[in-house]
Amino acid sequence: MPKIDVDVTRCKGCELCIVACPKDVIALSDNFAPSGYYPAVPVRPENCTGCKLCAYVCPDVAIEVWK
Ligand code: SF4
Ligand code: SF4
């Protein structure tokens, strides 16, 4: 099954990946990352198709997609 990993030390919580994901896999966490931002997290990982749109739009190269 495809999955994503978000590097919370890079993520600045800009939400671009949330908008880009066609499957509503990602949301912002309720918990601060060490960086002081609310990071993106996969909340519906079972819906991920591995399309990589989230990784393409992330300006901080914080998302890796595994197929
Ligand atoms: S790889 Fe595609 S489906 Fe999976 S979280 Fe990223 S944008 Fe969404
Ligand atoms: S696009 Fe990148 S920096 Fe922005 S919320 Fe998503 S993972 Fe974080």
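**Close-up 1. The largest nonpolar core of this predicted model has 13 residues.** Val6, Cys17, Ile26, Cys54 and Ile63 touch the most other members. A nonpolar core here is a set of buried Ala, Val, Leu, Ile, Met, Phe, Trp, Tyr and Cys residues joined through C-beta atoms within 7 Å; buried means that 20 or more other C-beta atoms, placed from the backbone, lie within 10 Å of the residue's own, exposed means 12 or fewer, and partly exposed is in between. Local features need pLDDT of at least 70, side-chain atom pairs count only at pLDDT 80 or more, and totals for chains, interfaces and linings use all residues. Residues are numbered from 1 along each chain as its sequence is written, while chains are lettered from A and ligands numbered from 1 in the order in which they are written.

**Close-up 2. Ligand 1 is surrounded by 14 residues.** Cys21, Val25, Cys48, Cys51 and Cys54 are the closest, where near means a C-beta atom, placed from the backbone, within 6 Å of the molecule.

**Close-up 3. Ligand 2 also has its shell of 14 residues.** Cys11, Cys14, Leu16, Cys17 and Cys58 come nearest.

**Close-up 4. Glu15 has a positive phi of about 75 degrees, although it is not a glycine.** Most residues other than glycine have a negative phi. Glu15 is partly exposed because 13 other C-beta atoms lie within 10 Å.

**Close-up 5. Asp24 is another residue other than glycine with a positive phi, near 55 degrees.** Asp24 counts as exposed because it has 10 C-beta neighbours inside 10 Å.
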